Amino acid sequence: MEVDKGKGEAEETRKVAEADRDTVTLKSSDGKLFEVSKEAAARLSTVLAGMIAGGSIDDNGTDLKQIGSEALENVVDYCNKHANSIPSAALISSSISFNTAPFKEPEEWERKFVDRLSHDALFDLVEAANFLGMERLLDVTCHKISEMMKGKSPDQIREVFNIKNDYTKEELEEIRQELAWAFYDD
Amino acid sequence: MDAGKGTSAEKNHHASLPVCARNGGKASRSRAAAPAQTWCSTKCASASETPKSDDAQEPQHRPWADLPLDILGVVVGRLALVEDRARLRSVCRPWRAAASLHRHPPPPLPMLVMSDFSFASFCAEGTLTGAHRRVPLPERETTSDGSVHCVGSSEGWLVCVERNKGPYFCDLRCFLMNPFSLKIIHLPPPSVCAWHFGAYRRSLPVVNGSGVVNCTINAAQCVMSFCKVVLSTSPDSGSKCIAVAICIVKGSVKLAFWQSGMMTWCVCDGDCITEFIDIVFCQRKLYMLSSSEFTTNLIAFDICEDNKSLMISRVEGSVVDLPVVTDIYYETLSIVVEWRGKLLMVCKCSGDTEFGHMIVKFRVFEADLSTNPVRCTEIKDLDGDCIFISPCNSKSFRSSDYDGVGEDLVYLIDGELRPENSVYNMKDGTVASLAADELDDKFWVPGGGLMNATWFYPPE
């Protein structure tokens, strides 16, 4: 692009504003509207990318009937934060010593982002990420869920997630082998 | 990859959300009371930035047990330890079903199994922890005095022997165990008083070498004690599984061969065997690295499939032509390992440092098996793969198959030299200590002696 005005910050701002004028409006199941940059949405969500490419974006709010307003707010928040984040030096250097491919550890802001969520909100967000085909957000939320399980006994995990033990006696006997790995303490 | 930088991205963000940016916090406050169509943006909802302090107290409404299959699959993939995965499966029926149906999670990380079956978990940060638990043994295979030991592993299988605690230093039983299916395969006993069949013995000359290798089956008396057992393949892989044991027989070192269908071990001895350094399967042959006074030799054993005859059809020796060492370090060629069908030799280089005599670096050589003497070329990377080495087995694999395992790294569990557990980065040539908290005493047998450990690869 030809530069015809001044240089420096003003120029930078102008370019950015220009490039980002394009946004998409998303409508939650309970009818609330959220605006998110088209670029971020297309980059982070395969489903939204498909809708944008296919022209099925509604200017008055694209209906996402499966996603509640709280979860959609988090999705949009994540997209915005992602656009603002700079890949941290720690992430780059860690890939040299102990490469974590195919999964990259969550960055500090991503950790904070999921840490502040209630369990219910986390559940809704992971489902929304799955529905929207947001691979990175799905990874980050699933990482959080796995962190909530690590080192815990099945009973403790049930307590965290409020899950009922629904095994029959026969099944309990069957999973005893699996449990042996976890509980064969000295 | 990520768009935007610092301040300009911030402006960008505000520009993209005009409603929110101008209304500030107001938008979020009005949102709760607003009817169906309300503009919302999270940028305004600053209250949500603060972490929820006590999430244990909050009521749980969402049906976590019904978490969609693909999501739970991703969660399983994020649990690197086999124990954590076992616990997840044990929570409820839907989770168990989902965990077993999931497409391809990365395999759980390898674990280090000590000879007493206690195991340490290898964590994604590259540390070893635990060894508070033991690999569960089926009840009928255990002994009250803990005389069953682990002497090797292959894929999902462990090689176990029962040591005789009596006056004779020998093993009474040998079996392969899959600790997940709890399947057991009994191998012929390493020690027998007398065979009813006649002993059969043959001497094979060492082609291109000196001396002979004597192979014997059905020897009148046999009292072997296994130090390390390697398997050609997993016993449930479909192809024939061959086991080779480095064993001590009345104070001298021998090799014992077995393949499925055989009723007895084929025991081999010879001068080249007593000087062994390490053994490994490569290209359907067993290779043994051995040293004599002036040379390092690679002995190849051709194994015939016919289980009615002696297993060894040919023994060939070659001198290993190691590049001249100009370093001041003391080098010990100590490990052979198979890598993508090729044979690698790993050399520990030790020297005197301010912390004492320590491993300073490693050198890894690729052996050209088509030449005699065997030409060795030093390599500086593993094309992203890594090698796990332990006294009872060594294995190379693609680090991308695992979460948290680095590229071009050599993980060594040693015991002879400090650091006993080290990680060598082939690319930058550095040696780091493989952190093993609370594990130090686990590497030693009560009463002295190194506790032989083996890397074990749990299947998914």
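**Figure 1. Crossing of helix 7 and helix 8 in chain A of the predicted model.** In this predicted model, helix 7 of chain A and helix 8 of chain A cross in a left-handed sense. Helix 7 of chain A covers residues 119-131 and helix 8 of chain A covers residues 135-147. Their axes come within 8 Å, and the crossing angle is roughly 145°. On the side of helix 7 of chain A, the contact is made by A:Leu122, A:Leu125, A:Val126, A:Ala129 and A:Asn130. Helix 8 of chain A contributes A:Leu137, A:Leu138, A:Thr141, A:Cys142, A:Lys144 and A:Ile145. Sorted by class, the contact between helix 7 of chain A and helix 8 of chain A has eight nonpolar, two polar and one charged residues.

Figure 2. A:Glu105 lies in the loop that runs between helix 5 (89-97) and helix 6 (108-115) of chain A. Is A:Glu105 buried or partly exposed? A:Glu105 is partly exposed, because 19 other C-beta atoms lie within 10 Å, while a buried residue needs 20 or more.

Figure 3. Strands of a sheet pair through backbone hydrogen bonds, in either a parallel or an antiparallel way.

**Figure 4. Strand 6 of chain B and its two partners.** Strand 6 of chain B covers residues 157-163 and pairs with strand 7 of chain B (residues 171-178) in the antiparallel sense, over six bridges. Across this pairing, B:Leu158 stands opposite B:Met177 in strand 7 of chain B, and B:Val161 stands opposite B:Cys174 in strand 7 of chain B. Strand 5 of chain B also pairs with strand 6 of chain B in the antiparallel sense, over six bridges. In that pairing, B:His149 has B:Val161 of strand 6 of chain B as its bridge partner. Two residues lie between the strands in the hairpin of strand 5 of chain B and strand 6 of chain B, and B:Glu155 in this hairpin takes a positive phi near 50°.

**Figure 5. Burial along strand 6 of chain B.** How many of the seven residues of strand 6 of chain B are buried? Seven of the seven are buried, so strand 6 of chain B is largely enclosed by the rest of the structure. B:Trp157, B:Val159, B:Val161 and B:Arg163 point one way from the strand. B:Leu158, B:Cys160 and B:Glu162 point the other way, and they are buried as well.

**Figure 6. Strand 29 of chain B and its pairing with strand 2 of chain B.** Strand 29 of chain B (residues 453-456) is covered on both faces. B:Ala453 and B:Trp455 are buried on one side, and B:Thr454 and B:Phe456 are buried on the other. Strand 2 of chain B (residues 111-114) is joined to strand 29 of chain B by four bridges, and the two run antiparallel. Which residue of strand 29 of chain B is the bridge partner of B:Leu112? The partner is B:Trp455.

Figure 7. Strand 27 of chain B (residues 421-425) and strand 28 of chain B run antiparallel and are joined by four bridges. B:Val423 stands opposite B:Ala432 in strand 28 of chain B.

Figure 8. Chain B has seven helices and 29 strands. Of its 460 residues, 42% count as buried. The average pLDDT of chain B is 78, and 76% of the residues score at least 70. Over residues 1-38 of chain B the pLDDT is below 50, and this stretch has 58 contacts in the model beyond near neighbours in sequence. Residues 40-57 of chain B also have a pLDDT below 50, with 39 contacts beyond near neighbours in sequence. The model scores ipTM 0.79 and pTM 0.67.

Note on methods
Residues numbered from 1 in each chain as written. Chains lettered and ligands numbered in written order. Predicted model: local features only at pLDDT ≥ 70, side-chain atom pairs only at ≥ 80, totals over all residues. Pairing = 2+ DSSP bridges. pLDDT = per-residue confidence, 0-100. Contact = placed C-beta atoms within 7 Å. Buried ≥ 20, exposed ≤ 12 C-beta atoms within 10 Å, placed from the backbone. Axes fitted to C-alpha atoms, helices over the stretch in contact; angles between N-to-C directions. Left-handed = near helix turned anticlockwise from the far one by under 90°. Nonpolar A, V, L, I, M, F, W, Y, C, P; charged D, E, K, R; others polar.
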